[in-house]
Amino acid sequence: MKITLLTVGKIKEKYFTMAISEYKKRLSRYCKLEIIEVADEKTPDNASEHEEDLIRAKEGDRLAKYIKDGAYVISLAINGKQHSSEEFADKIDKLGINGVSHIIFIIGGSIGIDKDILKNSNELLSFSKMTFPHQLMRVVLLEQIYRAYRINAGEPYHK
């Protein structure tokens, strides 16, 4: 299985890059992991809804260039479906059983993901009703993907 994290913005904090590197290493025995970062747009303070829509559209155009035909696209969105770790593991397992060989997870920038990207996603996924920094969500998502593979392999994990 190929897993792609398609993200808006770069990670600058060393503690996040170290955590991401650790999960990339751990996941290498389970899947082929690729992380693609696209540039984020600067959002002015007190931006109007229209300005935010334009920013999301620009970022969405950048993301769309990397969405491959045949890939199963899961966008992280606050209004997406929430799963337990076991349900998430089962989802990844069933996608593989049903012939999906590439899953793309999309993490948007500070003001979210373009509506066209969301509309064309196969699924919207939420980790919480709370908002998290996109840098931290990268680490959380990688940890949950790693946990899912451990669960599916019948290996121990912390409950």
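What follows is a short chat about the predicted model shown above.

Q: Hi! Before we start, what kind of model is this, and how are residues numbered?
A: It is a predicted model, where local features need pLDDT of at least 70, side-chain atom pairs count only at pLDDT 80 or more, and totals for chains, interfaces and linings use all residues. Residues are numbered from 1 along each chain as its sequence is written, and side-chain values use heavy atoms, with hydrogens and water left out.

Q: Thanks. How many helices and strands does the chain have?
A: There are five helices and five strands. Helices (H or I, at least four residues) and strands (E, at least two) are DSSP runs, numbered from the N terminus.

Q: And what pattern do they follow along the sequence?
A: Reading along the sequence gives β-α-β-α-β-α-β-α-β-α.

Q: How much of the chain is buried?
A: Of the 159 residues, 44% count as buried. Buried means under 20% relative accessible area, exposed over 50%, and partly exposed in between (1.4 Å probe, protein chains only).

Q: Let's look at α5. What is its span?
A: Helix α5 has 19 residues and reaches 27 Å from its first C-alpha to its last, close to the expected 27 Å at 1.5 Å a residue. The expected span is 1.5 Å times one less than the number of residues.

Q: Is α5 enclosed or open, and why?
A: It is largely enclosed by the rest of the structure, because 16 of its 19 residues are buried.

Q: What comes after α5?
A: Gly154 follows α5, and its phi is positive, near 70°. Tyr157 also sits in the segment after α5 (134-152).

Q: Tell me about Tyr157: what does it touch?
A: Leaving aside neighbours within four places in sequence, Tyr157 is in contact with Glu86, Arg147 and Ile151. Contact means heavy atoms within 4.5 Å. Tyr157 counts as partly exposed because its relative accessibility is 23%.

Q: Where is Asn46 found?
A: Asn46 is in the loop between β2 (32-38) and α2 (49-64). With 80% relative accessibility, Asn46 counts as exposed.

Q: Now Val100: buried or exposed?
A: Val100 counts as buried, at 17% relative accessibility. Val100 lies in the loop between α3 (85-97) and β4 (102-107). Apart from neighbours within four places in sequence, Val100 is in contact with Met1, Tyr72 and Leu95.

Q: Last one: where does Asn120 lie?
A: Asn120 lies in helix α4 (residues 115-120). Asn120 is exposed, with a relative accessible area of 60%. From Asn120 to Ser75 is 9.5 Å, C-alpha to C-alpha, and they are 45 residues apart in sequence.
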